[in-house]
Amino acid sequence: MKFIQDTQILFVRNFKKTLREPLWLFIGIMQPALYILLYMPLLKNIGNTSALPLGKIAQIFVPGMLIIMGVSSLFAGFGFIPEIREGYITRLLVTPVNRFAILLAMVMDQLFTLLMQSVILIFIALLLGLRTSVIAVILSLILVIIVGATTSCISYIISISARHEDGLASTVNTLYLPIMLLSGIMLPISLAPQWLKNIAGFNPFYYAVEAARELFLGNFTSFTIVKGFLIMSVFAAVALWFAVRSLRKMAVM
Amino acid sequence: MVSSHSTILYTKNLRKTFFTKDKKDVQAVKGVDLDVKKGQIFGFLGPNGAGKTTTLQMLTTLLTPTSGEAMVVNFDLKTQPQKIREHIGYVSQSGGADRTTNAIQDLILQAMLYGLNLDTAQKRAKDLIDRFELTEFADRIISSYSGGQRRRLDLALGVIHEPDIIFLDEPTTGLDPQSRARFWEEIRTIKDDGTTIFLTTHYLDEADSLCDYLAIVDHGKIVAKGTPTALKHKIGGESIIVAMKDDKELEKGKNLMEKQKFVEKIFVRENKLYLFVKEGEKLLADVLRLLDNEKIGLLTIELSKPSLDDVFLQETGRSLREGGEL
């Protein structure tokens, strides 16, 4: 009970803070929205291949954008580092508040923003001709949430060890591009040579993209969906565990 | 573990060693023994880098000690950190107020984090805003507060759950003299409520006039312990300096004072009589009365006290003032 109460108190505080700066909601959505607007039309003229069958371009491209927006939660630490520096996190750690509640309240706040962004993005895609089912959208949103939980935790872990925005920025930028390229979000990995496919197989986010695509294409019986959810859930659980561990052990300022 | 009934904090051989990446051990705290009594203002005096903050962070459950024992509010630091957290308050050097909100909201949040319900939290927040005179700016965003205003809010955040002991890390660093004096007053009122105060400082005057009991720390070790007065008495050399009208009076005064038991040593320089005594404050009036009875004329009388810096100097061979860190 105390755990739920602690999480709720801190989530409300974090969410109020987020609402005070609604600009972030739109900054996060800019990049994927621009890709859908200015890049997706190019794919239609590439030609009719088995990887990109004509008429299914949006169902293949939009899920990739959704997942990569989830991956963008790698930048979540930029709001967290000032709170470490200003002693606010230390103040929380001295109270009897549950450590996991502190983490969960931060992750939940990040995920709420992500959920809003995802819904807006899907709405834009629908206006541009995306056709899919409600169940596919709902399941994809859940998958995006699991991805976002993972990447925000990774971001908090990096923040605790880096202690400075510069350190976080360089680490995250180094991670972000290979994750994006190895997820096959611009073009499906099925177009890639074998060696590239092998490397992509080590990227958990690749499985999330593949699963989201099957959902949007309506192939609900595909094992790819189960695999995507399973791999991402395990990855999220590990990230949460390590994040609460670094929060517990963080050398304070 | 030995501790008397009025002990609120007790440590035995508390140590903290940090292991750096190049495998060099840094011994930040090298065996600290403390016995803090309930209701005291306990001062941890030492230069920057002496291990004060590290000790404080161990006692507030933020850092795990490398070895040693500690009891805080009757709970074992090793096995019951969660219990300790419920009973202590802590104000770090940087404070910890949430810069993005106002004092009212932040105080309510803090109270609720300690498990108080919303009604009680609101009531406590209001009481503390009145008490620490935050009313004028309580609904303004905290990032706009002055240093002194923010420190008062930090203190209010630290006591909102009525802790048994509050830890203050360098509470007045960076404050102007007026804000410092005011902050000292606030600390004394917290003491009057029965809360024990454990503070670190590198200011000699703060240690001297605010603290009831001191531990002087240097390079991770305690070099001296005692009340400020006792520490200075140990040094001895407190003196009453009497300036006389002329040589004749000076001679008469010297003869008179030599007969007094409380004068440990007497010393004449120019027209002044130096009387080395203990507890000179209490003796000033006696000296004046004795001189007056004999109709010996004097120009001025002053008391010269040994300072805590003399204590630090004697123990470490260095001066806190000249540390370059101050």
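Mentor: Happy to! A nonpolar core here is a set of buried Ala, Val, Leu, Ile, Met, Phe, Trp, Tyr and Cys residues joined through side-chain atoms within 4.5 Å. Keep in mind that this is a predicted model. The largest such core holds 156 residues, and those touching the most other members are Leu103(A), Leu9(B), Phe167(B) and Phe198(B). Its largest share, twelve residues, is supplied by helix 8 (residues 134-162) of chain A. Take Phe167(B) as an example: beyond its neighbours within four places in sequence, its contacts include Leu9(B) and Phe198(B), along with Leu56(B), Val72(B), Ile88(B) and Tyr90(B).

Searching the whole structure turns up four cavities of 30 Å³ or more. Of the 15 residues lining it, Arg91(A), Tyr90(B), Gln110(B), Leu157(B) and Gly158(B) lie nearest its centre. Two or more lining residues come from each of helix 6 (88-94) of chain A, and strand 6 (88-91) and helix 5 (147-159) of chain B. By class, this lining has six nonpolar, seven polar and two charged residues.

The second largest cavity, with a volume of about 60 Å³, has residues of chain A in its lining, among them Tyr35(A), Met65(A), Met69(A), Tyr176(A) and Met180(A). Helix 2 (23-38), helix 4 (57-71) and helix 9 (165-181) of chain A each give at least two residues to this lining. Its classes are eight nonpolar, two polar and no charged residues.

Key
Residues numbered from 1 in each chain as written. Chains lettered and ligands numbered in written order. Predicted model: local features only at pLDDT ≥ 70, side-chain atom pairs only at ≥ 80, totals over all residues. Heavy atoms only, no water. Buried < 20%, exposed > 50% of the residue type's maximum accessible area, 1.4 Å probe, protein only. Helix = DSSP H or I, 4+ residues; strand = E, 2+ residues; numbered from the N terminus. Contact = heavy atoms within 4.5 Å. 1 Å grid on protein atoms, 1.4 Å probe; cavity = no way out; pocket = protein on both sides within 12 Å on 5 of 7 lines; lining within 4 Å. Points joined across faces, edges and corners; volume = space filled by probe spheres on them. Nonpolar A, V, L, I, M, F, W, Y, C, P; charged D, E, K, R; others polar.
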